[in-house]
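My notes follow the order in which I checked things.

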Amino acid sequence: MSENWKSGIAFSQLTDVGMRRANNQDSLACLPAASAERFFDRGHLFVVADGMGAHAAGELASRLAVEHIAMQYFRSTLDDCGESLREAVVESNAEIHRRGMQNPEFHNMGTTASSLVLLSTGAIVAHVGDSRVYRLRQGVLEQLTFDHSLVWEFEASGQGLSGSLVGQSIPKNVITRSLGPNENVQVDLEGPFEIHENDRFLLCSDGLSGQVEDEEIATLIDCLPEDLASRVLVDLANLRGGPDNSSVIIVRIDETYENVSKSAKPPRKHSRMKKSEAPIWVLFAILMAVCFLGAVGFGIDGNLGGAIVAVVIGLIVAAIFAQQYWQANSQVHHQPLPQVPGGKGPYRQYSAKPTKELYDRLGQTVEELRTAANERNWLMNWKEIDKLQKEGQEALANKDAKSAIRLQAETIIETMHQLRELNNRAANETAIDH
């Protein structure tokens, strides 16, 4: 990475196996541009994928997704970054499907994939499945992606059930679209969305969104720096049972992003000229040169008529090539773009306002674990946890809800740390017994 290059972003990433899974089938990729030229050519790329399949199939599918999306996107010769990203996801689906058909153990393997690209012109998202991309701005969290799940599809169909009834009657973990199982896939393309200073973008798998409420996600991201927010979100999901792998990427737009977008120079476009374009202009230049030399030659010889004919031929040649050029570019710029799914985000909005109610809800998770520890005689050190909770209550009394949320987040992280220590001791004792 260039020493003088400033990317205009800060980001954190975290993936965790959870409390009930033997392996982690999530994969993620954070690929910020390493130079101004790369930024203007392809921007910053972030991908989260959540694999599905028996044995190692889901793990393989998600890894193939992030690798091939990144590889195909950066290899693309298309000027349109949105279309490049969509095609990269389509090609990734083809590769996962091909690998699944080759090996019976990987048959029907699949994965979700949510990709975010940050450009000077805005943010674009390519999405398949129920992993999510959010944007937080000025206290409002917006979900930029549509969940390809049975619950969301049923709600969108408008068949009459309220959201709560739909959630009660339809399994939440049934997804309707993924990469790999089928030869072809529809990719939602969203954006471009405006990018402002201090915007936060979140990519996550459903291991997080299934355990942590959207309002909690919004408030924690708004109140905490990105590295601490990533940690507490994953720990909170685990304290609530951690039934699935959880992965989080948080990207913050810093104050230099606008200056970076304006100051760097975009790459020259002639390197992407179609092979058929160059010979046309070479031929045009040769013909015009011949006409010019002919006119000069006739003029020197005193043949005014011949010179005029040469000039007229040159003008006709110029007019023909101008007409062909205009028609070609008119077809390129005015032909209708292919219709692709998506393009309607954001789909939902949530408040990030820190409140006592939300503080108490987060604290309830800690108290439930404390109750379980007392009932089962778990040896856990509650001293630091009690200290943080006392400070949080003092912050609430001083009407500093944001600081209270930060202290509650540290409480959650410390509680999860104590639980990990307990599990490690139990694992070591089991190993010694055997």
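Why are Arg99 and Glu95 separated by about one helical turn? I found that they are four residues apart in helix α3, which means about one turn between them. Helices (H or I, at least four residues) and strands (E, at least two) are DSSP runs here, numbered from the N terminus.

**Entry 1: ground rules.** I note that this is a predicted model, in which local features need pLDDT of at least 70 and side-chain atom pairs count only at pLDDT 80 or more, while totals for chains, interfaces and linings use all residues. Residues are numbered from 1 along each chain as its sequence is written, and side-chain values use heavy atoms, with hydrogens and water left out.

Entry 2: I counted a salt bridge as a side-chain nitrogen of Lys or Arg within 4 Å of a carboxyl oxygen of Asp or Glu. The structure has 21 of them. Arg99 pairs with Glu95, with the closest N and O atoms 3.9 Å apart. Glu95 also pairs with Arg98, at 2.7 Å between the closest N and O atoms. Glu95 and Arg98 are three residues apart in α3 (residues 81–102), again about one turn of the helix.

For exposure I used relative accessible area: buried is under 20%, exposed over 50%, partly exposed in between (1.4 Å probe, protein chains only). Glu95 is buried at 15%. Arg98 is partly exposed at 38%, and Arg99 is partly exposed at 27%.

**Entry 3: a salt bridge across the sequence.** Arg137 forms a salt bridge with Asp199, the closest N and O atoms being 2.7 Å apart. Arg137 is in strand β7 and Asp199 in the loop between β9 (188–193) and β10, so the pair ties together parts 62 residues apart in sequence. Arg137 is buried at 16%, and Asp199 is buried at 1%.

**Entry 4: strand β11.** I then turned to β11 (residues 246–253), where seven of eight residues are buried. I took two strands as paired if DSSP finds at least two bridges between them. Strand β1 (residues 9–16) runs antiparallel to β11 and is joined to it by eight bridges; Phe11 stands opposite Val251. Strand β10 (residues 200–204) is also antiparallel to β11, with five bridges, and Arg200 has Arg252 as its bridge partner.

**Entry 5: Ser205.** Which loop holds Ser205? Ser205 sits between β10 and α6 (206–209). Its relative accessible area is 0%, so Ser205 counts as buried. The Ser205 side chain reaches the backbone nitrogen of Ser247 at 3.0 Å. Beyond neighbours within four places in sequence, Ser205 has contacts (heavy atoms within 4.5 Å) that include Asp26, Asp50, Asn245 and Ser247.

**Entry 6: cores.** A nonpolar core is a set of buried Ala, Val, Leu, Ile, Met, Phe, Trp, Tyr and Cys residues joined through side-chain atoms within 4.5 Å. The largest has 45 residues, and Leu202, Leu208, Ile217, Leu220 and Leu233 touch the most other members. Elements supplying at least two residues each include β7, β10, β11 and α14 (401–433). Helix α14 gives the most, with nine residues. Leaving aside neighbours within four places in sequence, Ile217 is in contact with Tyr134, Leu141, Leu202, Leu208, Val212 and Leu233. Apart from this core lies another of 30 residues, among them Ala65, Val89, Leu179 and Val187.

Key
Polar contact = N/O pair within 3.5 Å; in protein donor to acceptor, adjacent residues only side chain to side chain.
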